[in-house]
Amino acid sequence: MTALLLAGATVAAGLAGRAWLPGDVGGPLGDVLYAMLVVWLVVLVLPRAPRVVASVTALTVCTAIELSHLTGMPGELLERVPAARFVLGTGFGAADLAWYALGAFLGGALLALLSPRAPAVDEALRHVRADRVGGSGRRAAAILVPLALVGVLVAAGVGVGRSLSIEAQELAAQVDVARSELADSADRVADDGVRSQLSGVIDEAGTVLEGRPVLDRRPGDAARAGDRLERAVTTVHGSRRAFATSEAAEVRETLGPVQRRAERILSATDELADAGRGADETARSDLRHALDVAADTLGTTQADRLAELPLADLESIAGTLATHRDDLDVATTDLMSAQDAAVCPEPDQVWFPEAGKLPAKRLAPIPWAPEHSVRADLVDGLVALDEAFRAEFGEHLTVNSAYRSYEEQVAVYDPDDPNPLAAPPGCSNHGLGTAVDLSMGPESFDGARYAWMKEHAEDYGWTHPAWAEPDGRLPEAWHWESVETPLGY
């Protein structure tokens, strides 16, 4: 009756501990109660068995069940009958063997405390057993009990050794993964400190693996080192994603301006093609294709799409974006060169679609000649040049022409009877707001004004182009350009 009551109380205590206690407390308590329950069951089946035998038997049963998890049999049974976990548990744990031993001891001690035999009964039973089996029973018990204890200890040792071996193998595999992650993440993390942390955790794991089993490395040490490795690898992985995402976003930002420029160039060449002055169709077709590829790439590299990509694909996005950006830039330049060849007859003339079409906000009037304008960022240099010129000659630079709109350039250029002093529309630096025509007086190239300008103009950001020199293609003493005037693509 006592064993039955204890069994019921033990089951109730185990269910309560599972429901209310945290896992690191409820787990060991459950192992202790499980072993005690087995003691009660042994007594119920063998009510005459000595308490020591009941405890040893219970410990042997618990150890055998625990060691069975080192084979595949319990796992197969648990897949078919999940409820069997209440009897078999869910996996091998070397520390569980110690808790079973404690439970078996407490079970036997508690049973002896709650149901002691009267001395007279013990004496009577002793004489009865002596009469029945004599000394042979005692000798058998003296041999079997120690053997059982030794067997349990050996089994426990084998289990601990197997557990340490499995943990070491798993940790070694994790170290290999972590080292690979450390190597692959070089120059690819948002914070290099996470790589230093991972390197330290790898070293710690190596120290654990080098330790002597049981003496230096106890059950659970390798598992805990593996958990630290896993967390460190996850942190590095996250830092790599953050870096790759940021890098892709940065390159993506540089693609936008290149795309807009390409669209503007293509639109301008389409207009010229409609007027019969278009560039080679191959160059225009190549730019259209490059624009389509860039548009597709921009669509597939939005932030929400990047978040869904595997790390390897994410880290390649920046390179893909850069390649498509560069391809688009090259296709744009090729089309501009083709259009230049179609409309600008001279090698020193460069075609730009914005020539003569600059917005008003990019222009500013020349202070002493407000009827003329240049690019706004060039005014200060021109004013400084004029002040130096006025200090030398006592007069302002005489401005005859500066920025010309596209329509004004059309007016001075006749394709049927071209004026040699006017470049075709789109090919003149006047249309870029970077050129001015300044009177050098009647002496032209031979005068003091031209000589002074040749010596000092570049100090203020203005120069006389080679084509306008006395021995150039079109000698023009009056034509001066900003040093920022583009001479090519």
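Which residues line the largest cavity? I found Ala355, Gly356, Arg404, Ser405, Tyr406, Gln409, Pro425, Gly426, Cys427, Ser428 and Gly431 around it.

**Ground rules.** I am working with a predicted model, where local features need pLDDT of at least 70 and side-chain atom pairs count only at pLDDT 80 or more, while totals for chains, interfaces and linings use all residues. Residues are numbered from 1 along each chain as its sequence is written, and side-chain values use heavy atoms, with hydrogens and water left out.

**Cavity.** I searched the whole structure and got one cavity of 30 Å³ or more. The volume of the largest cavity came out at about 50 Å³. A cavity here is a set of points, on a 1 Å grid over the protein atoms alone, where a 1.4 Å probe fits but cannot get out; lining residues have an atom within 4 Å of a point. Grid points are joined across faces, edges and corners, and the volume is the space filled by probe spheres set on the points. I sorted the lining by class and noted four nonpolar, six polar and one charged residues. For that sorting, Ala, Val, Leu, Ile, Met, Phe, Trp, Tyr, Cys and Pro are nonpolar, Asp, Glu, Lys and Arg are charged, and the others, Gly among them, are polar.

**Charges over rings.** Tyr406, one of the lining residues, has the charged end of Lys357 over its ring, 4.9 Å from the centre. I call a charge "over a ring" if NZ of Lys or CZ of Arg is within 6 Å of the ring centre and within 35 degrees of the ring normal. Arg449 lies over the face of Phe393, 5.6 Å from the ring centre. Phe393 also belongs to one aromatic cluster with Phe389 and Trp452.

**Aromatic pairs.** How many aromatic pairs does the whole structure hold? My search returned seven aromatic pairs. Rings of Phe, Tyr and Trp (its six-membered ring) pair if their centres lie within 6.5 Å; planes under 30 degrees apart are stacked, over 60 edge-to-face, and the rest tilted.

I looked at Tyr34 and Tyr100, a tilted pair at 6.0 Å centre to centre with 50° between the planes. Tyr34 is in helix H2 (residues 23-45) and Tyr100 in helix H6 (residues 94-114), 66 residues apart, so I logged the pair as linking distant parts of the chain. Helices (H or I, at least four residues) and strands (E, at least two) are DSSP runs, numbered from the N terminus. Tyr100 counts as buried at 7% relative accessibility; buried means under 20% relative accessible area, exposed over 50%, and partly exposed in between (1.4 Å probe, protein chains only). Tyr34 is buried too, at 19%.

Next came Tyr450 and Trp480, a tilted pair with 6.0 Å between centres and 50° between planes. Tyr450 lies in helix H16 (residues 448-456) and Trp480 in strand E6 (residues 479-482), so this pair ties together parts 30 residues apart in sequence. Trp480 is buried at 1%, and Tyr450 is buried at 7%.

**Positive phi.** Asp187 has phi near 60°, a positive value in a residue other than glycine. I placed Asp187 in the loop between helix H8 (135-184) and helix H9 (193-210), where Asp187 is exposed at 71%. Ser444, with phi near 55°, sits in the loop between strand E4 (435-438) and H16 and is partly exposed at 25%.

Terms used
1 Å grid on protein atoms, 1.4 Å probe; cavity = no way out; pocket = protein on both sides within 12 Å on 5 of 7 lines; lining within 4 Å.
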